[in-house]
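Morning, everyone. Let me put the model up, and then I'll walk you through it.

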Amino acid sequence: MKKDLVIIGGGAAGLAAALSANHPDIHILVIEREKALGGILNQCIHNGFGLHVFKEELTGPEYASRYMDEFLKMNIEFLLDTTVVDVKKNDDFELTVSSFENGLFKINAKAVILSSGCYERTRGSIAIPGERPKGIMPAGSAQRYLNMDGYLVGKRIFILGSGDIGLIMARRMTLEGAKVLGVAEIMPYSNGLTRNIVQCLNDFDIPLYLSHTVTNVKGKDRLEQITIQEVDSQFNPIENTEKNFDVDTLLLSVGLVPDISLFDSLDFKRDAVTKSAVVNQFYETSVSGLFICGNALHVHDLADYVSVESEKAGKSAQKYILNSKEPSKQIHPIEFNSNIRYVVPQLIDFDQFKDSIDLSFRVSKKMDSAIFKIMQNGQVISTKRAKNLAPAEMEKINLKSVTLVDQSPISLILEEVIL
Amino acid sequence: MTKMICIACPVGCHLLVDDEMHVSGNKCMRGEKYAIEEMTHPTRILTTTVKTTSLLTPRLSVKTKDPIPKELIFEALQLLEGIIIDNDVKIGDVVIPNILNTGIDMVATKSVTINPFH
(Lines give C-alpha, C1' and ligand atoms only; values in the text may rest on other atoms or scores of the structure.)
Protein backbone atom coordinates (compact mmCIF):
# COMPACT_ATOMS: atom_id res chain seq x y z
CA MET A 1 0.00 0.00 0.00
CA LYS A 2 1.38 3.44 -0.93
CA LYS A 3 0.17 6.69 0.67
CA ASP A 4 1.37 10.27 0.70
CA LEU A 5 0.60 10.85 4.36
CA VAL A 6 -0.07 8.38 7.16
CA ILE A 7 -1.46 9.76 10.40
CA ILE A 8 -0.96 7.46 13.38
CA GLY A 9 -3.77 7.98 15.89
CA GLY A 10 -7.34 9.14 15.19
CA GLY A 11 -8.01 11.16 18.33
CA ALA A 12 -8.17 14.90 18.88
CA ALA A 13 -4.72 15.43 17.32
CA GLY A 14 -5.00 13.01 14.40
CA LEU A 15 -8.44 14.18 13.28
CA ALA A 16 -7.48 17.88 13.35
CA ALA A 17 -4.25 17.13 11.48
CA ALA A 18 -6.10 15.08 8.85
CA LEU A 19 -8.66 17.86 8.25
CA SER A 20 -6.03 20.51 7.66
CA ALA A 21 -3.71 18.27 5.61
CA ASN A 22 -6.57 17.22 3.33
CA HIS A 23 -5.96 18.15 -0.33
CA PRO A 24 -7.17 16.69 -3.65
CA ASP A 25 -3.59 15.71 -4.58
CA ILE A 26 -2.72 14.02 -1.28
CA HIS A 27 -3.68 10.46 -0.34
CA ILE A 28 -4.11 10.40 3.43
CA LEU A 29 -4.59 7.35 5.63
CA VAL A 30 -5.47 7.59 9.33
CA ILE A 31 -4.66 4.54 11.45
CA GLU A 32 -6.55 4.11 14.74
CA ARG A 33 -6.00 1.22 17.14
CA GLU A 34 -9.42 1.43 18.82
CA LYS A 35 -12.73 0.35 17.27
CA ALA A 36 -13.85 3.99 16.97
CA LEU A 37 -12.31 7.36 16.11
CA GLY A 38 -12.06 10.05 18.79
CA GLY A 39 -9.35 8.64 21.03
CA ILE A 40 -9.34 9.47 24.72
CA LEU A 41 -12.09 12.09 24.20
CA ASN A 42 -14.59 9.20 24.10
CA GLN A 43 -14.02 8.41 27.77
CA CYS A 44 -13.86 12.06 28.90
CA ILE A 45 -17.61 12.44 29.37
CA HIS A 46 -17.23 15.59 31.52
CA ASN A 47 -17.76 19.07 30.10
CA GLY A 48 -15.23 21.85 29.60
CA PHE A 49 -14.12 21.05 26.05
CA GLY A 50 -14.46 23.39 23.09
CA LEU A 51 -14.53 26.79 24.80
CA HIS A 52 -11.61 28.02 22.67
CA VAL A 53 -12.32 26.29 19.36
CA PHE A 54 -16.15 26.30 19.27
CA LYS A 55 -16.87 29.07 21.84
CA GLU A 56 -19.24 26.75 23.68
CA GLU A 57 -18.87 24.19 26.41
CA LEU A 58 -18.95 20.58 25.21
CA THR A 59 -18.26 17.15 26.67
CA GLY A 60 -15.39 15.04 25.30
CA PRO A 61 -17.58 12.83 23.07
CA GLU A 62 -19.38 15.93 21.70
CA TYR A 63 -16.07 17.64 20.96
CA ALA A 64 -14.82 14.49 19.19
CA SER A 65 -18.01 14.19 17.15
CA ARG A 66 -17.59 17.72 15.73
CA TYR A 67 -14.25 16.65 14.26
CA MET A 68 -15.47 13.18 13.26
CA ASP A 69 -18.45 14.60 11.33
CA GLU A 70 -16.11 16.90 9.35
CA PHE A 71 -13.63 14.09 8.85
CA LEU A 72 -16.25 11.64 7.54
CA LYS A 73 -17.60 14.29 5.11
CA MET A 74 -14.17 14.57 3.49
CA ASN A 75 -13.96 10.85 2.73
CA ILE A 76 -10.44 10.57 4.09
CA GLU A 77 -9.39 6.92 4.27
CA PHE A 78 -9.02 5.38 7.72
CA LEU A 79 -8.41 2.00 9.34
CA LEU A 80 -9.88 1.09 12.74
CA ASP A 81 -8.74 -1.65 15.10
CA THR A 82 -5.31 -1.38 13.47
CA THR A 83 -1.91 -0.92 15.09
CA VAL A 84 1.41 0.24 13.68
CA VAL A 85 4.07 -2.14 14.99
CA ASP A 86 7.24 -0.95 13.27
CA VAL A 87 8.62 2.03 11.36
CA LYS A 88 11.62 2.28 9.04
CA LYS A 89 12.83 5.21 7.00
CA ASN A 90 14.77 5.15 3.76
CA ASP A 91 13.62 7.72 1.21
CA ASP A 92 10.05 7.07 2.31
CA PHE A 93 8.68 5.69 5.56
CA GLU A 94 7.90 2.01 5.66
CA LEU A 95 5.30 1.13 8.29
CA THR A 96 4.53 -2.41 9.40
CA VAL A 97 0.88 -2.51 10.37
CA SER A 98 -1.26 -5.17 12.01
CA SER A 99 -4.98 -5.76 12.36
CA PHE A 100 -7.26 -8.67 13.16
CA GLU A 101 -9.05 -8.26 9.84
CA ASN A 102 -6.08 -7.76 7.49
CA GLY A 103 -3.20 -9.46 9.30
CA LEU A 104 0.31 -8.02 9.00
CA PHE A 105 0.97 -5.69 6.07
CA LYS A 106 3.23 -2.83 4.94
CA ILE A 107 2.42 0.76 4.05
CA ASN A 108 4.81 3.21 2.39
CA ALA A 109 4.37 6.91 3.08
CA LYS A 110 6.13 10.12 2.03
CA ALA A 111 5.29 11.77 5.34
CA VAL A 112 4.04 10.62 8.74
CA ILE A 113 2.23 12.52 11.46
CA LEU A 114 2.54 10.90 14.85
CA SER A 115 -0.54 11.78 16.88
CA SER A 116 -0.62 8.78 19.18
CA GLY A 117 -1.20 10.67 22.43
CA CYS A 118 0.36 9.79 25.74
CA TYR A 119 0.27 7.04 28.36
CA GLU A 120 -0.21 7.22 32.11
CA ARG A 121 2.58 6.69 34.59
CA THR A 122 1.91 3.61 36.73
CA ARG A 123 2.82 2.37 40.21
CA GLY A 124 6.10 1.09 38.77
CA SER A 125 7.09 4.57 37.56
CA ILE A 126 6.95 6.09 41.04
CA ALA A 127 7.94 3.09 43.20
CA ILE A 128 5.25 3.09 45.90
CA PRO A 129 6.45 0.91 48.82
CA GLY A 130 4.43 -1.93 50.35
CA GLU A 131 2.54 -5.02 49.26
CA ARG A 132 1.29 -5.77 45.76
CA PRO A 133 -2.48 -6.29 45.95
CA LYS A 134 -4.93 -5.61 43.14
CA GLY A 135 -6.90 -2.37 43.28
CA ILE A 136 -4.07 0.02 42.32
CA MET A 137 -4.41 1.50 38.85
CA PRO A 138 -3.98 4.68 36.82
CA ALA A 139 -6.98 7.03 37.04
CA GLY A 140 -7.47 7.05 33.27
CA SER A 141 -7.87 3.26 33.23
CA ALA A 142 -10.55 3.53 35.93
CA GLN A 143 -12.17 6.25 33.81
CA ARG A 144 -12.31 3.96 30.81
CA TYR A 145 -13.74 1.05 32.83
CA LEU A 146 -16.44 3.31 34.29
CA ASN A 147 -17.43 5.54 31.39
CA MET A 148 -17.02 3.14 28.48
CA ASP A 149 -17.64 -0.29 29.99
CA GLY A 150 -19.81 0.60 32.98
CA TYR A 151 -17.65 -0.96 35.72
CA LEU A 152 -16.98 0.88 38.97
CA VAL A 153 -13.53 -0.32 40.04
CA GLY A 154 -14.01 0.16 43.80
CA LYS A 155 -16.17 1.48 46.63
CA ARG A 156 -13.65 3.21 48.90
CA ILE A 157 -11.11 5.19 46.95
CA PHE A 158 -7.95 7.16 47.60
CA ILE A 159 -6.23 9.11 44.84
CA LEU A 160 -2.50 9.77 44.60
CA GLY A 161 -1.57 12.80 42.52
CA SER A 162 -3.68 15.86 41.78
CA GLY A 163 -3.43 15.75 37.99
CA ASP A 164 -6.66 16.59 36.16
CA ILE A 165 -7.64 12.97 35.49
CA GLY A 166 -7.36 12.19 39.21
CA LEU A 167 -9.55 15.17 40.12
CA ILE A 168 -12.12 14.38 37.43
CA MET A 169 -12.24 10.77 38.64
CA ALA A 170 -12.66 11.86 42.29
CA ARG A 171 -15.93 13.51 41.25
CA ARG A 172 -16.95 10.79 38.85
CA MET A 173 -16.48 7.95 41.38
CA THR A 174 -18.37 10.01 44.00
CA LEU A 175 -21.30 10.53 41.62
CA GLU A 176 -21.40 6.77 40.99
CA GLY A 177 -21.70 6.01 44.70
CA ALA A 178 -18.09 5.38 45.74
CA LYS A 179 -16.57 7.14 48.74
CA VAL A 180 -13.43 9.10 47.85
CA LEU A 181 -11.48 9.58 51.09
CA GLY A 182 -8.89 12.01 49.79
CA VAL A 183 -6.32 13.10 47.25
CA ALA A 184 -2.61 13.29 48.14
CA GLU A 185 -0.20 15.52 46.19
CA ILE A 186 3.54 15.41 46.82
CA MET A 187 4.03 19.00 45.63
CA PRO A 188 3.00 21.94 47.85
CA TYR A 189 0.49 22.98 45.14
CA SER A 190 -2.07 21.20 42.99
CA ASN A 191 -1.06 19.79 39.64
CA GLY A 192 -4.51 20.14 38.11
CA LEU A 193 -6.50 23.07 36.76
CA THR A 194 -7.85 25.18 39.63
CA ARG A 195 -11.41 24.84 38.29
CA ASN A 196 -11.11 21.09 38.84
CA ILE A 197 -10.09 21.56 42.48
CA VAL A 198 -13.24 23.64 42.94
CA GLN A 199 -15.80 21.57 41.07
CA CYS A 200 -14.39 18.08 41.67
CA LEU A 201 -13.03 18.21 45.24
CA ASN A 202 -14.53 21.21 47.08
CA ASP A 203 -18.04 20.51 45.75
CA PHE A 204 -17.98 17.08 47.44
CA ASP A 205 -15.83 17.96 50.49
CA ILE A 206 -13.02 15.67 49.34
CA PRO A 207 -9.84 16.63 51.24
CA LEU A 208 -6.66 17.50 49.29
CA TYR A 209 -3.47 16.66 51.19
CA LEU A 210 -0.71 18.86 49.71
CA SER A 211 2.95 17.88 50.39
CA HIS A 212 1.79 14.30 51.12
CA THR A 213 2.49 11.00 49.44
CA VAL A 214 1.63 7.32 49.84
CA THR A 215 4.32 5.58 51.91
CA ASN A 216 2.74 2.16 52.51
CA VAL A 217 0.29 -0.21 50.86
CA LYS A 218 -1.33 -3.16 52.67
CA GLY A 219 -3.48 -5.98 51.30
CA LYS A 220 -3.05 -9.69 50.65
CA ASP A 221 -5.31 -10.11 47.63
CA ARG A 222 -7.27 -6.88 47.31
CA LEU A 223 -5.98 -3.51 48.58
CA GLU A 224 -6.99 -3.01 52.23
CA GLN A 225 -5.16 0.02 53.56
CA ILE A 226 -2.83 2.80 52.46
CA THR A 227 -0.66 5.09 54.56
CA ILE A 228 0.09 8.67 53.57
CA GLN A 229 2.77 10.90 55.09
CA GLU A 230 3.68 14.54 54.87
CA VAL A 231 6.93 15.24 53.01
CA ASP A 232 9.59 17.91 53.59
CA SER A 233 10.93 20.25 50.91
CA GLN A 234 13.24 17.46 49.68
CA PHE A 235 10.17 15.13 49.36
CA ASN A 236 11.38 12.93 52.25
CA PRO A 237 8.54 11.58 54.45
CA ILE A 238 8.32 13.27 57.86
CA GLU A 239 8.07 10.90 60.85
CA ASN A 240 4.90 10.82 62.95
CA THR A 241 2.74 12.35 60.20
CA GLU A 242 1.30 8.97 59.12
CA LYS A 243 -2.42 8.76 58.32
CA ASN A 244 -4.07 5.45 57.44
CA PHE A 245 -7.04 5.03 55.12
CA ASP A 246 -9.00 1.80 54.72
CA VAL A 247 -9.62 1.69 50.97
CA ASP A 248 -10.11 -0.95 48.29
CA THR A 249 -8.77 1.19 45.44
CA LEU A 250 -5.84 3.55 44.91
CA LEU A 251 -6.05 5.59 41.72
CA LEU A 252 -2.85 7.13 40.37
CA SER A 253 -2.81 10.48 38.65
CA VAL A 254 0.93 10.96 38.65
CA GLY A 255 1.71 12.18 35.18
CA LEU A 256 1.45 11.44 31.49
CA VAL A 257 4.26 10.61 29.10
CA PRO A 258 4.17 11.11 25.30
CA ASP A 259 3.82 7.73 23.60
CA ILE A 260 6.48 7.74 20.91
CA SER A 261 8.30 4.48 21.61
CA LEU A 262 7.21 3.21 18.19
CA PHE A 263 9.70 5.61 16.65
CA ASP A 264 12.65 4.78 18.90
CA SER A 265 14.46 3.12 15.99
CA LEU A 266 14.44 6.38 13.98
CA ASP A 267 16.84 8.15 16.32
CA PHE A 268 15.50 11.71 16.25
CA LYS A 269 16.58 14.53 18.54
CA ARG A 270 14.76 14.46 21.86
CA ASP A 271 13.79 16.90 24.58
CA ALA A 272 14.65 15.48 28.04
CA VAL A 273 11.82 17.46 29.69
CA THR A 274 8.89 16.79 27.33
CA LYS A 275 10.16 13.21 26.78
CA SER A 276 9.31 13.57 23.10
CA ALA A 277 10.94 14.85 19.94
CA VAL A 278 12.53 18.24 19.38
CA VAL A 279 10.51 20.01 16.68
CA ASN A 280 10.64 23.24 14.70
CA GLN A 281 7.70 25.62 14.24
CA PHE A 282 6.25 23.25 11.62
CA TYR A 283 6.14 20.45 14.22
CA GLU A 284 8.66 18.59 12.10
CA THR A 285 11.26 16.46 13.88
CA SER A 286 14.91 16.05 12.94
CA VAL A 287 13.75 13.16 10.71
CA SER A 288 12.64 14.82 7.47
CA GLY A 289 8.90 14.24 6.85
CA LEU A 290 8.11 13.08 10.39
CA PHE A 291 5.74 15.42 12.22
CA ILE A 292 4.50 15.10 15.81
CA CYS A 293 1.56 16.86 17.45
CA GLY A 294 -0.85 16.67 20.37
CA ASN A 295 -0.03 14.79 23.54
CA ALA A 296 2.53 12.71 21.67
CA LEU A 297 4.59 15.92 21.43
CA HIS A 298 3.98 17.36 24.90
CA VAL A 299 1.15 16.84 27.36
CA HIS A 300 -1.58 19.48 26.99
CA ASP A 301 -4.16 20.63 29.58
CA LEU A 302 -6.85 21.30 26.99
CA ALA A 303 -8.02 19.33 23.96
CA ASP A 304 -8.65 22.69 22.24
CA TYR A 305 -4.92 23.44 22.29
CA VAL A 306 -4.24 19.97 20.86
CA SER A 307 -6.57 20.71 17.94
CA VAL A 308 -5.01 24.10 17.20
CA GLU A 309 -1.48 22.69 17.29
CA SER A 310 -2.40 19.65 15.20
CA GLU A 311 -4.03 21.76 12.50
CA LYS A 312 -0.68 23.48 12.07
CA ALA A 313 1.14 20.15 11.94
CA GLY A 314 -1.34 18.95 9.29
CA LYS A 315 -0.79 22.08 7.22
CA SER A 316 2.97 21.64 7.47
CA ALA A 317 2.76 18.01 6.34
CA GLN A 318 0.60 19.11 3.39
CA LYS A 319 3.22 21.68 2.33
CA TYR A 320 6.01 19.15 2.81
CA ILE A 321 4.30 16.75 0.38
CA LEU A 322 3.28 19.36 -2.22
CA ASN A 323 6.45 21.50 -2.35
CA SER A 324 10.06 20.54 -2.39
CA LYS A 325 11.82 22.87 -0.01
CA GLU A 326 15.38 24.15 0.21
CA PRO A 327 17.32 22.90 3.22
CA SER A 328 17.32 25.66 5.84
CA LYS A 329 20.51 27.21 7.12
CA GLN A 330 19.23 29.40 9.91
CA ILE A 331 17.81 27.01 12.52
CA HIS A 332 18.30 28.02 16.14
CA PRO A 333 17.03 26.61 19.43
CA ILE A 334 14.83 28.84 21.58
CA GLU A 335 16.68 29.62 24.80
CA PHE A 336 14.88 30.16 28.11
CA ASN A 337 15.69 30.85 31.76
CA SER A 338 15.18 28.59 34.79
CA ASN A 339 11.66 29.87 35.56
CA ILE A 340 10.55 28.03 32.43
CA ARG A 341 10.55 24.21 32.26
CA TYR A 342 10.28 23.74 28.52
CA VAL A 343 9.25 25.50 25.32
CA VAL A 344 7.60 23.90 22.26
CA PRO A 345 8.62 24.27 19.46
CA GLN A 346 12.22 23.92 20.56
CA LEU A 347 13.66 25.20 17.26
CA ILE A 348 12.93 28.12 14.95
CA ASP A 349 13.69 27.88 11.27
CA PHE A 350 14.35 31.55 10.50
CA ASP A 351 14.58 31.05 6.71
CA GLN A 352 10.92 30.04 6.69
CA PHE A 353 9.59 32.19 9.50
CA LYS A 354 6.51 33.98 8.17
CA ASP A 355 3.59 35.54 10.10
CA SER A 356 3.81 34.23 13.65
CA ILE A 357 4.55 31.23 15.87
CA ASP A 358 2.73 30.12 19.02
CA LEU A 359 5.24 29.24 21.72
CA SER A 360 3.74 26.81 24.27
CA PHE A 361 5.52 26.38 27.57
CA ARG A 362 5.23 25.57 31.25
CA VAL A 363 6.65 27.55 34.15
CA SER A 364 8.76 25.74 36.74
CA LYS A 365 7.15 27.14 39.92
CA LYS A 366 4.04 28.93 41.13
CA MET A 367 4.19 32.72 40.69
CA ASP A 368 1.55 35.30 41.58
CA SER A 369 2.79 37.85 39.09
CA ALA A 370 5.43 37.80 36.37
CA ILE A 371 6.63 39.35 33.11
CA PHE A 372 7.55 37.42 29.99
CA LYS A 373 10.20 38.96 27.77
CA ILE A 374 11.15 37.76 24.32
CA MET A 375 14.74 38.77 23.64
CA GLN A 376 16.81 38.76 20.49
CA ASN A 377 20.34 39.98 20.02
CA GLY A 378 20.30 41.71 23.42
CA GLN A 379 17.04 43.56 22.73
CA VAL A 380 13.61 43.00 24.27
CA ILE A 381 11.33 42.55 21.24
CA SER A 382 8.10 41.77 23.06
CA THR A 383 6.74 41.59 26.62
CA LYS A 384 3.65 40.17 28.27
CA ARG A 385 2.43 40.39 31.86
CA ALA A 386 0.89 37.36 33.53
CA LYS A 387 -0.78 36.54 36.84
CA ASN A 388 -1.31 33.34 38.84
CA LEU A 389 1.17 31.20 36.95
CA ALA A 390 1.43 27.52 37.86
CA PRO A 391 3.35 24.58 36.38
CA ALA A 392 0.03 22.75 35.93
CA GLU A 393 -1.25 25.32 33.42
CA MET A 394 0.28 25.63 29.98
CA GLU A 395 1.16 29.15 28.89
CA LYS A 396 1.23 30.47 25.34
CA ILE A 397 2.91 33.44 23.79
CA ASN A 398 2.70 34.55 20.19
CA LEU A 399 5.93 35.49 18.42
CA LYS A 400 5.41 37.67 15.35
CA SER A 401 7.94 37.69 12.54
CA VAL A 402 7.64 41.49 12.19
CA THR A 403 9.09 41.95 15.68
CA LEU A 404 12.30 40.12 14.80
CA VAL A 405 15.52 42.14 14.72
CA ASP A 406 17.53 39.65 12.66
CA GLN A 407 18.02 35.90 12.40
CA SER A 408 19.87 35.43 15.68
CA PRO A 409 18.48 33.08 18.37
CA ILE A 410 15.38 33.97 20.38
CA SER A 411 15.32 33.71 24.15
CA LEU A 412 12.26 33.63 26.37
CA ILE A 413 12.83 35.13 29.82
CA LEU A 414 10.33 34.91 32.66
CA GLU A 415 10.88 37.29 35.55
CA GLU A 416 8.88 36.94 38.75
CA VAL A 417 7.40 40.19 40.06
CA ILE A 418 7.28 40.25 43.87
CA LEU A 419 4.41 42.49 44.92
CA MET B 1 -15.68 39.83 50.64
CA THR B 2 -15.73 36.30 49.26
CA LYS B 3 -12.87 34.85 47.23
CA MET B 4 -13.61 32.17 44.66
CA ILE B 5 -12.19 30.60 41.55
CA CYS B 6 -14.33 30.79 38.44
CA ILE B 7 -15.15 27.40 36.90
CA ALA B 8 -16.94 28.76 33.82
CA CYS B 9 -13.93 27.85 31.70
CA PRO B 10 -10.46 26.35 32.19
CA VAL B 11 -8.78 29.76 32.65
CA GLY B 12 -9.91 29.74 36.31
CA CYS B 13 -10.00 33.48 37.12
CA HIS B 14 -9.59 34.43 40.78
CA LEU B 15 -12.80 36.31 41.64
CA LEU B 16 -13.68 38.65 44.50
CA VAL B 17 -17.30 39.27 45.43
CA ASP B 18 -18.05 42.12 47.86
CA ASP B 19 -21.08 42.45 50.16
CA GLU B 20 -23.03 44.36 47.49
CA MET B 21 -22.43 41.50 45.02
CA HIS B 22 -19.92 43.42 42.91
CA VAL B 23 -17.64 40.98 41.15
CA SER B 24 -14.02 41.72 40.29
CA GLY B 25 -11.09 39.70 38.91
CA ASN B 26 -13.12 38.19 36.06
CA LYS B 27 -11.73 38.34 32.52
CA CYS B 28 -15.15 37.86 30.89
CA MET B 29 -18.88 38.26 31.56
CA ARG B 30 -19.31 34.56 32.32
CA GLY B 31 -17.24 35.11 35.48
CA GLU B 32 -19.65 37.72 36.86
CA LYS B 33 -22.65 35.49 36.15
CA TYR B 34 -20.92 32.53 37.78
CA ALA B 35 -19.94 34.45 40.93
CA ILE B 36 -23.45 35.82 41.52
CA GLU B 37 -25.03 32.41 40.92
CA GLU B 38 -22.51 30.75 43.20
CA MET B 39 -23.41 33.21 45.98
CA THR B 40 -27.17 32.85 45.51
CA HIS B 41 -28.03 29.42 44.07
CA PRO B 42 -25.07 27.32 42.85
CA THR B 43 -25.69 25.21 39.74
CA ARG B 44 -23.67 22.59 37.86
CA ILE B 45 -23.89 20.73 34.58
CA LEU B 46 -24.27 17.03 35.41
CA THR B 47 -22.46 14.61 33.10
CA THR B 48 -22.78 10.86 33.56
CA THR B 49 -23.70 7.70 31.64
CA VAL B 50 -26.77 5.46 31.31
CA LYS B 51 -27.01 1.78 30.47
CA THR B 52 -27.66 0.59 26.90
CA THR B 53 -28.43 -2.84 25.44
CA SER B 54 -25.67 -2.37 22.82
CA LEU B 55 -22.80 -4.84 23.04
CA LEU B 56 -20.27 -2.45 21.46
CA THR B 57 -21.36 0.61 23.47
CA PRO B 58 -22.70 -0.56 26.85
CA ARG B 59 -22.88 3.01 28.21
CA LEU B 60 -24.33 6.14 26.65
CA SER B 61 -22.84 9.41 27.90
CA VAL B 62 -25.41 12.08 28.82
CA LYS B 63 -25.50 15.61 30.26
CA THR B 64 -27.97 18.19 31.49
CA LYS B 65 -28.38 20.65 28.63
CA ASP B 66 -27.95 23.53 31.10
CA PRO B 67 -26.73 23.65 34.69
CA ILE B 68 -29.13 22.31 37.32
CA PRO B 69 -29.22 23.23 41.03
CA LYS B 70 -26.29 21.61 42.81
CA GLU B 71 -28.49 20.04 45.48
CA LEU B 72 -30.46 18.06 42.86
CA ILE B 73 -27.44 16.23 41.42
CA PHE B 74 -27.70 13.00 43.44
CA GLU B 75 -31.48 12.85 42.99
CA ALA B 76 -31.01 13.21 39.23
CA LEU B 77 -28.44 10.38 39.25
CA GLN B 78 -30.90 8.14 41.06
CA LEU B 79 -33.47 8.78 38.33
CA LEU B 80 -30.94 7.87 35.63
CA GLU B 81 -30.12 4.58 37.37
CA GLY B 82 -33.36 3.05 36.07
CA ILE B 83 -32.91 4.07 32.43
CA ILE B 84 -31.97 1.48 29.81
CA ILE B 85 -31.44 2.67 26.23
CA ASP B 86 -32.62 0.01 23.75
CA ASN B 87 -33.15 2.18 20.67
CA ASP B 88 -30.67 4.04 18.48
CA VAL B 89 -29.80 7.45 19.87
CA LYS B 90 -28.33 10.48 18.08
CA ILE B 91 -26.13 13.03 19.77
CA GLY B 92 -28.36 15.73 21.28
CA ASP B 93 -31.45 13.46 21.60
CA VAL B 94 -33.42 13.98 24.80
CA VAL B 95 -33.00 11.05 27.19
CA ILE B 96 -35.13 12.52 30.02
CA PRO B 97 -37.15 15.69 29.38
CA ASN B 98 -37.47 18.29 32.13
CA ILE B 99 -35.44 16.39 34.72
CA LEU B 100 -36.85 16.80 38.27
CA ASN B 101 -39.06 19.65 37.00
CA THR B 102 -36.03 21.87 36.50
CA GLY B 103 -37.16 22.69 32.95
CA ILE B 104 -33.84 21.25 31.77
CA ASP B 105 -33.49 18.17 29.53
CA MET B 106 -31.01 15.36 29.94
CA VAL B 107 -29.49 14.81 26.47
CA ALA B 108 -27.21 12.23 24.84
CA THR B 109 -23.63 13.43 24.23
CA LYS B 110 -22.86 10.73 21.69
CA SER B 111 -24.64 8.66 19.09
CA VAL B 112 -25.25 4.97 19.68
CA THR B 113 -26.37 2.30 17.24
CA ILE B 114 -27.81 -0.51 19.33
CA ASN B 115 -27.20 -3.27 16.79
CA PRO B 116 -24.69 -2.15 14.12
CA PHE B 117 -24.87 -5.56 12.36
CA HIS B 118 -28.55 -5.19 11.36
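A word on domains: their bounds come from an automatic or database domain assignment. For chain B, that assignment gives domain 1 (2-40) and domain 2 (47-108). Their centres, taken over C-alpha atoms, are separated by 29 Å.

Some ground rules. This is a predicted model, where local features need pLDDT of at least 70, side-chain atom pairs count only at pLDDT 80 or more, and totals for chains, interfaces and linings use all residues. Residues are numbered from 1 along each chain as its sequence is written, while chains are lettered from A and ligands numbered from 1 in the order in which they are written.

Now the interface. I call two residues in contact if their C-beta atoms, placed from the backbone, lie within 7 Å. On that basis, 20 residues of chain B touch 22 residues of chain A. Strands β5 (47-52) and β6 (59-64) of chain B each supply at least two residues of that side of chain B. Strands here are DSSP runs of E, at least two residues, and helices are runs of H or I, at least four, numbered from the N terminus. β5(B) gives the most, with four residues. And the make-up of the side of chain B that touches chain A? Eight nonpolar, seven polar and five charged residues. Nonpolar means Ala, Val, Leu, Ile, Met, Phe, Trp, Tyr, Cys and Pro; charged means Asp, Glu, Lys and Arg; the others, Gly among them, are polar.

Next, a helix pair in chain A. Helix α4 (residues 139-149) packs on helix α5 (residues 164-175) at about 40°, with the axes 9 Å apart. Axes are lines fitted to C-alpha atoms over the stretch in contact, and angles run from 0 to 180 degrees between N-to-C directions. So α4(A) is oblique to α5(A). Oblique is what remains after under 35 degrees (roughly parallel), over 145 (roughly antiparallel) and 65 to 115 (roughly perpendicular). On the α4(A) side, the contact includes Ala139(A) and Leu146(A); on the α5(A) side, it includes Ile165(A) and Met169(A). By class, that contact has five nonpolar, three polar and one charged residues.

Most residues other than glycine have a negative phi, and most peptide bonds are trans. The bond from Val344(A) to Pro345(A) is cis, with omega near 0°. Pro345(A) sits in the loop between β24 (340-344) and β25 (347-349) of chain A. Asn377(A) is not a glycine, yet has a positive phi of about 50°. Its loop runs between β27 (367-376) and β28 (379-389) of chain A. Leu100(B) also has a positive phi of about 50°.
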